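Please examine the sequence and the structure before reading on.

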Amino acid sequence: MITNKIYTLSLFFSSIWIFSQNVNEELIHYLKEAETILITSHEDLRLDIETPGKSKTIYRDLLKNGVPNHEIIINKVVLTPESRQELIDIIIGQKIVKAWDGAFCFEPHNTLFIYKENQWKNIELCFGCKQYGHSKNLPVNREEFLHSYQDWINLEDFFRKLGVQWEVPKKK
């Protein structure tokens with residue numbers, strides 16, 4: 001009987017420890033250690049060019065010669081220590097429950113650039129369909145990062161608050 005109680009208590013306390021762990025722990029550590037974090041809005045990465053009799057598609061890179069491609073960036077903000085912490089708090093507050101799959105248009109117009117160890121890496125964000133892509137070897141865990149609709153809304157609000165949102169260009 002005492003053995004059952006000890007087993008039950010140990011199971012209970014170990015589950016508290018497991019569920020109290022931050023999701024996205026590696027990404028949070030990476031962001032804390034980064035030298036610079038730059039958030040941007042940018043033009044389409046894919047351009048479809050139509051001319052009489054032919055069409056051509058051009059893909060533009062987020063990084064050009066290893067640095068953010070300033071030719072396509074519309075708005076940008078380098079995060080201050082305070083805004084960096086606000087971003088980290090948004091990521092810490094994310095839930096591990098998957099509740100949103102999005103529409104999969106994936107036309108990213110916002111990017112989180114991270115400079116660490118003399119190298120730029122990025123997370124490209126599509127607030128339209130709530131999907132993202134990221135640089136190779138960036139510690140983003142797809143099982144934990146941006147899983148709920150509210151996680152996306154919180155991140156999009158952060159970009160808007162800092163004046164870095166993409167809007168459909170107005171026709172002239």
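## Classes of residue

Ala, Val, Leu, Ile, Met, Phe, Trp, Tyr, Cys and Pro count as nonpolar; Asp, Glu, Lys and Arg count as charged; the others, Gly among them, count as polar. The structure discussed here is a predicted model.

Rolling a probe the size of a water molecule over the atoms shows where empty space is left. The count comes to one cavity of 30 Å³ or more. The largest cavity has a volume of about 40 Å³.

The lining of the largest cavity consists of Leu87, Ile91, Leu112, Ile123, Leu125, Phe145, Leu155 and Phe159. By class, this lining has eight nonpolar residues, with no polar and no charged ones. At least two lining residues come from each of helix 3 (81-92), strand 8 (119-126) and helix 4 (149-161).

## Helix 3 and helix 4

Two packed helices are described by the angle between their axes and the distance between the axes. For helix 3 and helix 4, the axes come within 10 Å and cross at roughly 165°. Angles over 145 degrees count as roughly antiparallel, and therefore helix 3 is roughly antiparallel to helix 4. The crossing of these two helices is right-handed.

On the helix 3 side, the contact involves Ser83, Glu86, Leu87 and Ile90, which meet Asn154, Leu155, Phe158 and Lys161 in helix 4. The residues of this contact divide into four nonpolar, two polar and two charged. Leu87 and Leu155 belong to this contact and also to the lining of the largest cavity.

## Helix 2 and helix 3

Helix 2 (residues 25-33) also packs with helix 3: their axes come within 10 Å and cross at roughly 180°. That angle makes helix 2 roughly antiparallel to helix 3.

In helix 2, Leu27, Ile28, Leu31 and Lys32 meet Arg84, Leu87, Ile88, Ile91 and Ile92 in helix 3. By class, the contact of helix 2 with helix 3 has seven nonpolar, no polar and two charged residues. Leu87 takes part in the contact with helix 2 and in the contact with helix 4.

## The open space

Which residues line the largest pocket? They are Asp44, Leu45, Arg46, Asp48, Tyr59, Arg60, Phe106, Glu107 and Pro108. The largest pocket has a volume of about 200 Å³. Its lining divides into four nonpolar, no polar and five charged residues, whereas the lining of the largest cavity has no charged residues.

Technical notes. Residues are numbered from 1 along each chain as its sequence is written. This is a predicted model: local features need pLDDT of at least 70, side-chain atom pairs count only at pLDDT 80 or more; totals for chains, interfaces and linings use all residues. Side-chain values use heavy atoms; hydrogens and water are left out. On a 1 Å grid over the protein atoms alone, a cavity is a set of points where a 1.4 Å probe fits but cannot get out, and a pocket is an open set with protein on both sides within 12 Å along at least five of seven lines; lining residues have an atom within 4 Å of a point. Grid points are joined across faces, edges and corners, and a volume is the space filled by probe spheres set on the points. Helices (H or I, at least four residues) and strands (E, at least two) are DSSP runs, numbered from the N terminus. Axes are lines fitted to C-alpha atoms, for helices over the stretch in contact, and angles run from 0 to 180 degrees between N-to-C directions. Angles under 35 degrees count as roughly parallel, over 145 as roughly antiparallel, 65 to 115 as roughly perpendicular and the rest as oblique. A crossing is left-handed if the near helix is turned anticlockwise from the far one by less than a right angle, and right-handed if clockwise. Contact means heavy atoms within 4.5 Å.
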